[in-house]
Amino acid sequence: MGEPVQTEVEVEPVNILLVDDQPEGLLTLEAVLGGLGQNLVMADSGREALRQVLAREFAVILLDVQMPQMDGYETAALIRERPASRHTPLIFLTASRMADVQLVRGYSVGAVDYLFKPLDAEVLRSKVAVFVELAKKSALIRKQTTELVQREAEARRLADARAQLLVDLEQKNRDLEAVNKELETFSYSVSHDLRAPLRSIDGFSQALLDDYAATLDDGGAQYLRHVREAAQHMGELIDGLLALARVTRSALHRQEVDLSQLARDVAARLRNHERASARQVEFVVEPGLSAEGDARLLAVVLDNLLGNAWKFTSKRPEARIEVGKFVKDDGPAFFVRDNGAGFDMAYASKLFGAFQRLHAAAEFEGHGIGLATVQRIVHRHGGRIWAEGRVGVGATFHFTLGEGERK
Ligand SMILES: Nc1ncnc2c1ncn2[C@@H]1O[C@H](COP(=O)(O)OP(=O)(O)OP(=O)(O)O)[C@@H](O)[C@H]1O
Ligand SMILES: [Mg+2]
């Protein structure tokens, strides 16, 4: 039958109560109804029937009318008094025709039917089957209603938990932002304050070299030059840190930026710096690359990425540096690709940390602050940056620039 819900949910067999003081009567009923596959419960008196009604729920009750002590009608009246069985269908089994039929008709509460003795097995079976079906359907509906209510409650509970999580998350974000701001201010002022003593270390070393040249031997002078080099290196690191801090401190001014033009400007600057170099560097810049972002900060991004590409291809006689974009599901991603020294992908996530370098300073100079700065700028634009590389083959840096500003 076309009842999809019923095939999905198992409905248990229902209880049928058979009430007759005559054992043969009960046997007949059992024989006729056994084939329905339901749970048949027997009672040989009205009192016993009441006891059963208290103990469980019945789909239908078959009541012999003629019983000693308490007849079928009295029993029915008591059954109807109990709230649990007020609406349980009743079928009276009666021998005498007219008088009983009148009585049954006058019996107004709930579903009531009657059958005449001797019982016609077919009629009895089909009547009871109708009530069994009815009981199963209401059990099913009750079950589904309970499930629905439970599911709804569960959904509400989940929604509440989710809302609470969001509230917590927002609070955590605000806390984090505050801590970040504090840390930035702290590192900015520390970096700033370190400059002055460093300047005097460098300055006095220079003064020693200049004014006491006569009393210093070669070894001493050499040591002083090392002191100066180290002080200058530290000065550059501090400048890098200050630049990094400035990226987060300054306001973001979004506008349409011609990235192709910016890349060409950086390339020209790099060439000018290294005019004397014998190597060939081919710059391929895709025309018409435009982005929404802070022009000054995006120039810093390209400065660093192209500067790195230039630096890490410096040992290639024929270098190729490419700037372009490809379109992904979530918008365009720009890339800077080179055929330089490359790097080991196992360390790809380290590249963007401040002072993290994968190459020795003797091989390629640098402070390891460039990509940290680039990443901050990209994040401030709400974008992502990631790198791909292979040792000896080259590296590609991809970045997107989102729409909203992230702190
Ligand atoms: N194009 C590239 N090819 C190979 N390795 C790269 C490339 N760009 C960056 N790296 C690796 O990532 C490290 C970090 O780069 P980053 O730009 O932060 O520092 P740096 O260039 O060494 O120094 P700085 O930029 O501060 O002068 C580099 O030291 C290098 O190991
Ligand atoms: Mg760099």
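## Ligand shell and fold of a predicted model

The model is a predicted one.

The protein chain has 10 helices and 12 strands. Its radius of gyration is well over the value from the globule rule for 407 residues, so the chain is more spread out than a compact globule. The overall values are as follows.

| Quantity for the protein chain | Value |
|---|---|
| Radius of gyration | 45 Å |
| Box filled by C-alpha atoms, along the principal axes | roughly 140 × 45 × 40 Å |

Buried residues account for 25% of the 407 residues. Of the contacts between residues at least 6 apart in sequence, 67% join residues at least 24 apart.

An open sheet is formed by 5 strands in the order 2-1-3-4-5, with parallel pairing. Strand 2 (39–43) and strand 5 (112–116) are at the edges with a single partner strand each, so one side of each has no neighbour in the sheet. On average, neighbouring strands of this sheet are turned by 20 degrees against each other, direction ignored. Within the sheet, strand 1 (residues 15–19) pairs with strand 3 (residues 60–64) over 4 bridges in the parallel sense. L17 has I61 in strand 3 as its bridge partner. Helix 2 (residues 23–33) lies across strand 1, strand 2 and strand 3, and runs at about 150 degrees to strand 1.

Notes. Residues numbered from 1 in each chain as written. Chains lettered and ligands numbered in written order. Predicted model: local features only at pLDDT ≥ 70, side-chain atom pairs only at ≥ 80, totals over all residues. Helix = DSSP H or I, 4+ residues; strand = E, 2+ residues; numbered from the N terminus. Rg over C-alpha atoms; globule rule 2.2 N^0.38 Å. Buried ≥ 20, exposed ≤ 12 C-beta atoms within 10 Å, placed from the backbone. Contact = placed C-beta atoms within 7 Å. Pairing = 2+ DSSP bridges. Axes fitted to C-alpha atoms, helices over the stretch in contact; angles between N-to-C directions.
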